[in-house]
Amino acid sequence: MATEQVLPGVYQIGLGYVNAFLAADEELTLIDSGLPKKEETILKALRHLGGKPKDLRHIAVTHHHADHCGSLAALAEATGAATYIHRLDAPIVAGDQPRPGPNPASMAGKVLGPLIMRLPANNPRPVRVAHELEGGEELPAAGGLSVVFTPGHTAGHVSYLWPRHGGVLFAGDAAGNLFGRLGKPLGMFTEDMAQAKESIRKLAELEFDAACFGHGGALKGKAHAAFRRLVEKLAR
Ligand SMILES: [Zn+2]
Ligand SMILES: [Zn+2]
């Protein structure tokens, strides 16, 4: 799938049903890494932008789901990039803790969960992430990338805020924009929906003009206003 420029220096790499993003400063930063075996597609996108594997200096992951960290091990090896994830999701990606399956509180999760967890695509190669995050720090990536702790979808989900172009939010799966509709993450794949809604409220208080999502197209222009409308909708 195609790589699309969202804003100057922000590229969305379509990887089937999930997106990864490149933020280009003097060096390149990747946000999320797609499903397993997508490293070549991502490196191809990077080359297309005139970069070499070693130009990718940072890989910031939003959460432990296989569609976001699937190619992390391969990409870290190929590029030598510094890797980041929240400390609560790190042991799952490292294989030290079992991967939580789809939420059994949702009917679909209960019925399909055990099946889904057996798919090879859901069992990426374990990888020890170099930098474990708390939230609130600023990464030396893309000239400064803020970490916002947004738990709920997973216990250690983080979003990243890039203070360029009026603020660019990389929301991961804290929210989705499927079919052009900003909404809460899918219940089946969300560990704690009450907490996820609280995280959407937290994001809505931030200033950002654009928002990029793991699933669905980016919001360009007044993205924070769309988040504030979603918060009102969720409160009803
Ligand atoms: Zn997810
Ligand atoms: Zn996802």
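1. Two strands count as paired if DSSP finds at least two bridges between them. This is a predicted model. With that criterion, six strands form an open sheet in the order 8-9-10-11-12-13. The pairing is mixed.

2. The edges of this sheet are strand 8 (138-139) and strand 13 (219-220). Each of these two pairs on one side only.

3. E138 has S146 of strand 9 as its bridge partner.

4. Now the helices. Helix 1 spans residues 39-48 and helix 3 spans residues 72-79. Their axes come within 9 Å and cross at roughly 45 degrees. An angle under 35 degrees would be roughly parallel, and 65 to 115 roughly perpendicular; helix 1 and helix 3 are therefore oblique to each other. The crossing is right-handed.

5. Which residues make the contact between helix 1 and helix 3? Helix 1 supplies E39, I42 and L43. Helix 3 supplies A74, L75 and A78. By class, five residues in this contact are nonpolar, one is charged and none is polar.

6. L46 also lies in helix 1. Is L46 buried or exposed? The cut-off for buried is 20 or more other C-beta atoms within 10 Å. L46 has 23 such neighbours, so it counts as buried.

7. Leaving out residues up to four places away in sequence, L46 touches L22, L28, G51, P53 and L56. L230 is 184 residues from L46 along the chain, and their C-alpha atoms are separated by 34 Å.

Conventions
Residues numbered from 1 in each chain as written. Chains lettered and ligands numbered in written order. Predicted model: local features only at pLDDT ≥ 70, side-chain atom pairs only at ≥ 80, totals over all residues. Helix = DSSP H or I, 4+ residues; strand = E, 2+ residues; numbered from the N terminus. Axes fitted to C-alpha atoms, helices over the stretch in contact; angles between N-to-C directions. Parallel < 35°, antiparallel > 145°, perpendicular 65-115°, else oblique. Left-handed = near helix turned anticlockwise from the far one by under 90°. Contact = placed C-beta atoms within 7 Å. Nonpolar A, V, L, I, M, F, W, Y, C, P; charged D, E, K, R; others polar. Buried ≥ 20, exposed ≤ 12 C-beta atoms within 10 Å, placed from the backbone.
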